Amino acid sequence: MIEALLANYEEAVAVILFVIGLSMLLFQRNLIRKIIGMNIMDTGCFLFLASMGYIAGRKAPIIADGAADASRYINPVPAGLVLTGIVVSVSVTAVMLSLSVRLYRRYHTLNLDEVYQMARDHQEDR
Amino acid sequence: MEFVRNFPLLTIILSLVSSVLCTLLSGRAAKRYTVILETLLILMAGAVLAYTIRSGTSFTYVMGEFPAPWGNEIRAGVLEALMAVMLLTVLLCGVQGGWRFLELDVEQSKHNLYFSLVNLFTAALMALIWTNDIFTGYVFLEIMTLASCGLIVAREIGRTTLAAVRYMILNLLGSGLFLLGVVMLYNLTGHLLMVPMAGAVSELVEEGAQMPLTFSLAMITIGLGIKSGMFPFYFWMPDTYGASTATSAVILSSLVSKAYIFLLFKILFRAIGAEVYVALPIRAILLLLGVLGMAAGSVSAIRSGSLNRMVAYSSAAQIGYIFMGLGLGTEAGFTAALFQILAHAVTKSLLFLTTPRLSLVSGDSMLFQRIQGSGRRAKDAGVFFTVAALSMVGIPVFAGFSAKLLFAVAAVETGRPWVILAVMAALGVSSVLNVLYFIRTVIRIYAKPQDAGPEEPYPVPKELRRQYRVSAAVLTGLNLFLGLFSWVTANLIRQGLSMFG
């Protein structure tokens, strides 16, 4: 068990990061911390992907000296996925941060418990 | 290669380009443009539907001509085309019929941005329906989440911001789990395209490596379950659907959750393979959660104090039906689930177009005491609400009845007494509860109000009223079509399923 974890330490760290991020997203009451948690969660996924695509002793798949032999290069697909994932993560973060700005302007706090309390107090029913 | 084969990709690209284009137009022009675009998309999807029915097979569009294990693919069959046609029609009706409330709820200067979001959403919807690549699915899943968040906050009141924050947090949770599941599945199989993935998955099952497979699939299922409102993750629904403007509510309740469920269905059916999926424990859990959701959603709906919360909670029950169908694991069960996707999209969109109008003639309130007699004050809305409510309850002639019948038949066909008992009990309980709250509301909107209720507070241009009536009539027509000629749609779904895997 321990040996298996040590042999795959990158994946293990990735899963730990994912769980840290997930629990922050779930249990933190501050919106900014939740957003940070989300980013940590995504980072865990990206580490998992990146470590999956790396093969020790091989190079980045850029044909430099004319050698198109696939066995010399690492798998480029996971790197592509990580890049795509980062773009998605950045845009989601941007939207979340702009939402936080709007929430703060309205309720003057980022603590969600307080915001819910305030919303319950002035129950505006259409 | 026939030109029709380009249509699926074109629907995605056209919507994406239009999304950018709409930011440059004025609000009115953007709306007109969106309506024309959506009509065009419906025609294109209809052409694909006719083409696939005639040819009897699905076709794969290989992007950049990189063949199967590499590259990115779009695949279109009868089922995908049918979904696209129906959901786009609902979207068009939502945009047309909700226009009046958009004028009230969203600032005039931001209308073009709103339609930009609608087009972005359309692109994501199309991509999720057509794509054959699981990571493309993830990307457009996030695009859809972002677009729907924008659609919620378009109505700038405090409640929508709060609803959007809650919605986004849950959706990010769902996307995170989905992404991890996809990454693990890629790790296990080495493929992102669904068809080669299914081959690798069946090899894995033969080797007995079911545990990691089940784990990654569970991640995907929970992720998409959270996003689509599966029991017990449905508590975000009332705030999100209830507070946003009519068009957004239609899009969120009828289309967004359906797109997620369709993606899940595609992953289970095509990337995992129906045989493998049926043998996994996830199937039984989906059945259980579906049955529980049917009851719990209805109970929450009964306990809610206002019209829009009730309608929103009833979505949770209806989503439960769909998951129950997926959980049955037979062809009949899948057919019933897919039929329910369409039936619910058609019915719930009509409800969400109609409730704001009932509230508008009740002093802008959705509370049950206030809407009393609103069906007399707004006669057209009263009729359409009654139609949708009867369909939800499952009165014959309407779509809801056909869906329930398909579920019951599918359950009996499994031949397992416990499953039959559970499904029948759930259908019975859910129908009785539906009667309780929907028929009660229908009676209430036609009851004599205690005092003469307020008249329509805003002058309504005739054109907008006509747009609402036409959209609601189209949705009613679709509802009757699904109800009276359910065999047409069910046969199409069956034909689609046979070429889906």
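How much area do chain A and chain B bury between them, and what percentage of it is on carbon and sulfur atoms? About 3,500 Å² is buried, 74% of it on carbon and sulfur atoms. Buried area here is the accessible area (1.4 Å probe) that two parts lose on being put together, summed over both.

This is a predicted model, in which local features need pLDDT of at least 70 and side-chain atom pairs count only at pLDDT 80 or more, while totals for chains, interfaces and linings use all residues. Residues are numbered from 1 along each chain as its sequence is written, chains are lettered from A and ligands numbered from 1 in the order in which they are written, and side-chain values use heavy atoms, with hydrogens and water left out.

**View 1. The interface of chain A and chain B.** The contact (heavy atoms within 4.5 Å) takes 36 residues from chain A and 38 residues from chain B. Across it the rule finds 1 salt bridge, defined as a side-chain nitrogen of Lys or Arg within 4 Å of a carboxyl oxygen of Asp or Glu. There are also 4 residue pairs in polar contact across this interface, both residues at pLDDT 80 or more. A polar contact is a pair of N or O atoms within 3.5 Å; within protein, one must be able to donate a hydrogen and the other to accept it, and residues adjacent in sequence count only if both atoms are side-chain atoms. On the side of chain A that touches chain B, helix 2 (9-27), helix 3 (31-53), helix 4 (76-107) and helix 5 (112-121) of chain A each supply at least two residues. Helix 4 of chain A gives the largest share of that side, 14 residues. Helices (H or I, at least four residues) and strands (E, at least two) are DSSP runs, numbered from the N terminus.

**View 2. The salt bridge between the chains.** Arg102(A) and Glu156(B) meet through their side chains at 3.4 Å, N to O. The pair runs from helix 4 of chain A to the loop between helix 6 (134-153) and helix 7 of chain B. Arg102(A) is partly exposed at 26% relative accessible area. Glu156(B) is also partly exposed, at 40%. The cut-offs are under 20% relative accessible area for buried, over 50% for exposed, and in between for partly exposed (1.4 Å probe, protein chains only).

**View 3. Salt bridges within each chain.** The whole structure holds 10 salt bridges over all chains. In chain A, Asp113(A) and Arg29(A) form a salt bridge at 3.1 Å, N to O. Asp113(A) is in helix 5 of chain A and Arg29(A) in the loop between helix 2 and helix 3 of chain A, 84 residues apart. Asp113(A) is partly exposed at 40%, and Arg29(A) is partly exposed at 28%. In chain B, Asp380(B) and Arg469(B) form a salt bridge at 2.9 Å, N to O. Asp380(B) lies in helix 16 (residues 379-393) and Arg469(B) in helix 19 (residues 462-484) of chain B, so the pair ties together parts 89 residues apart in sequence. Asp380(B) is buried at 11%, whereas Arg469(B) is partly exposed at 39%. Elsewhere, salt bridges that share partners join Arg102(A), Lys110(B) and Glu156(B) into one network.

**View 4. Aromatic pairs in chain B.** Over all chains there are 25 aromatic pairs. Rings of Phe, Tyr and Trp (its six-membered ring) pair if their centres lie within 6.5 Å; planes under 30 degrees apart count as stacked, over 60 as edge-to-face and the rest as tilted. Tyr167(B) and Trp236(B) have ring centres 5.3 Å apart and planes at 70°, so the pair is edge-to-face. Tyr167(B) is in helix 7 (residues 158-189) of chain B, and Trp236(B) in the loop between helix 9 (210-228) and helix 10 (237-243) of chain B, 69 residues apart. Tyr167(B) is buried at 1% relative accessibility. Trp236(B) is buried at 2%. Phe231(B) and Tyr234(B) are stacked, 6.2 Å centre to centre with 25° between the planes. Tyr234(B) is buried at 11%.

**View 5. An aromatic cluster and charges over rings.** Phe262(B), Phe265(B), Phe269(B), Tyr277(B), Phe334(B) and Phe500(B) form one aromatic cluster. The charged end of Lys31(B) sits over the ring of Trp99(B), 5.0 Å from its centre. Arg440(B) lies over the face of Phe368(B), 6.0 Å from the ring centre. A charge sits over a ring if NZ of Lys or CZ of Arg is within 6 Å of the ring centre and within 35 degrees of the ring normal.

**View 6. The surroundings of Ala45(B).** Ala45(B) is in helix 2 (residues 27-55) of chain B. Ala45(B) is buried at 0% relative accessibility. Leaving aside neighbours within four places in sequence, Ala45(B) is in contact with Ala81(B), Ala84(B), Val85(B) and Leu88(B).
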